[in-house]
Amino acid sequence: KINCLSVPAKAGEQITVSIRPEDIVVQDASDNRIEANIERIEFLGAFVRAELSNEQMGNHHFHADFSANLVRRNELKVGMKMEIGLPKRNLQLYSS
């Protein structure tokens with residue numbers, strides 16, 4: 001179940017969920033909490049792009065942008081599991 005502000009699909013209908021990488025949160029992850037596996041980390045200067053996966057999402061991977069400071073403070077590494085939040089105000093749902 002996904003908590004969002006708009007519901008364009010009927011119950012049981014297949015949907016596509018979209019969120020910008022910078023909108024995924026680690027701290028204060030109150031909306032739509034999921035456990036994510038860190039598959040890859042790429043340092044891009046002031047921020048780090050992490051490729052994440054989740055067992056419930058099957059083979060679908062997604063990206064999250066975190067500050068370099070957050071990555072250092074939390075010692076994020078490839079292979080770690082972490083809890084993230086997908087804020088409902090930032091989710092877009094589309095009928096598939």
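**Pocket, sheet and salt bridges in a predicted model**

Visitor: Which residues lie nearest the centre of the largest pocket?
Guide: This is a predicted model. The lining of its largest pocket is made up of 19 residues. Those nearest the centre are Ile2, Val17, Met57, His60 and Phe62.

Visitor: What volume does the largest pocket have?
Guide: Rolling a probe the size of a water molecule over the atoms shows where empty space is left. For the largest pocket, the volume comes to about 640 Å³.

Visitor: Which element gives the largest share of the lining of the largest pocket?
Guide: The elements that contribute two or more residues to this lining are β1 (15-18), β2 and β4. The largest share is four residues, and these come from β1.

Visitor: How many residues of the lining of the largest pocket are charged?
Guide: Nine of the lining residues are nonpolar and eight are polar. The charged ones number two.

Visitor: What is the order of the strands in the open sheet?
Guide: The sheet has four strands with antiparallel pairing. At its edges stand β4 (61-67) and β5 (81-85), each with a single partner strand, so one side of each is left without a neighbour in the sheet. Neighbouring strands are turned against each other by 50° on average, direction ignored. The order is β4-β3-β2-β5.

Visitor: How many bridges join β3 to β4?
Guide: The two strands run antiparallel. One of the bridge pairs is Ser53 with His61, the latter in β4. The number of bridges joining β3 to β4 is seven.

Visitor: Which residue in β3 is the bridge partner of Ile41?
Guide: β2 and β3 are paired in the antiparallel sense, over six bridges. In β3, the partner of Ile41 is Ala50.

Visitor: Which residue in the hairpin of β2 and β3 takes a positive phi?
Guide: Three residues lie between the strands of this hairpin. One phi there is positive, near 85°. The residue is Gly45.

Visitor: Which residue in β5 is the bridge partner of Asn37?
Guide: β2 pairs with β5 in the antiparallel sense, over five bridges. The partner of Asn37 in β5 is Lys81.

Visitor: How many residues of β3 are buried?
Guide: Buried means under 20% relative accessible area. β3 has seven residues and is mostly covered. The buried ones number five.

Visitor: Is Glu51 buried or exposed?
Guide: Glu51 lies in strand β3 (residues 47-53). Its relative accessibility is 19%, and the cut-off for buried is under 20%. Glu51 therefore counts as buried.

Visitor: Which residues are linked with Arg40 in a network of salt bridges?
Guide: Arg40 meets Glu42 in a salt bridge at 3.9 Å, N to O. Arg40 also forms a salt bridge with Glu51, with the closest N and O atoms 3.2 Å apart. Arg40 lies in strand β2 (residues 33-43) and Glu51 in strand β3, so this pair ties together parts that are 11 residues apart in sequence. The residues linked with Arg40 are Glu42 and Glu51.

Visitor: What relative accessible area does Glu42 have?
Guide: Arg40, its salt-bridge partner, is partly exposed at 41% relative accessibility. Glu42 is partly exposed too, and its relative accessible area is 34%.

Visitor: How far apart are the closest N and O atoms of Glu22 and Arg20?
Guide: Arg20 is exposed, with a relative accessible area of 54%. Glu22 is partly exposed at 41%. The two form a salt bridge, and the closest N and O atoms are apart by 2.6 Å.

Visitor: What is the count of salt bridges?
Guide: The pair Glu22 and Arg20 is one of them, and Arg40 with Glu51 is another. The count comes to five.

Visitor: Where does Glu75 lie?
Guide: Most residues other than glycine have a negative phi, and most peptide bonds are trans. Glu75 has a positive phi, near 50°. Glu75 counts as exposed, at 52% relative accessibility. Its place is the loop between α1 (68-74) and β5.

Visitor: How far apart in space are Cys4 and Gln92, C-alpha to C-alpha?
Guide: Cys4 sits in the segment before β1 and is buried, with a relative accessible area of 13%. In sequence, Cys4 and Gln92 are 88 residues apart. In space, their C-alpha atoms are apart by 8.0 Å.

Methods
Residues are numbered from 1 along each chain as its sequence is written. This is a predicted model: local features need pLDDT of at least 70, side-chain atom pairs count only at pLDDT 80 or more; totals for chains, interfaces and linings use all residues. Side-chain values use heavy atoms; hydrogens and water are left out. A salt bridge is a side-chain nitrogen of Lys or Arg within 4 Å of a carboxyl oxygen of Asp or Glu. Buried means under 20% relative accessible area, exposed over 50%, partly exposed in between (1.4 Å probe, protein chains only). Two strands pair if DSSP finds at least two bridges between them. Axes are lines fitted to C-alpha atoms, for helices over the stretch in contact, and angles run from 0 to 180 degrees between N-to-C directions. On a 1 Å grid over the protein atoms alone, a cavity is a set of points where a 1.4 Å probe fits but cannot get out, and a pocket is an open set with protein on both sides within 12 Å along at least five of seven lines; lining residues have an atom within 4 Å of a point. Grid points are joined across faces, edges and corners, and a volume is the space filled by probe spheres set on the points. Ala, Val, Leu, Ile, Met, Phe, Trp, Tyr, Cys and Pro count as nonpolar, Asp, Glu, Lys and Arg as charged, and the others, Gly among them, as polar.
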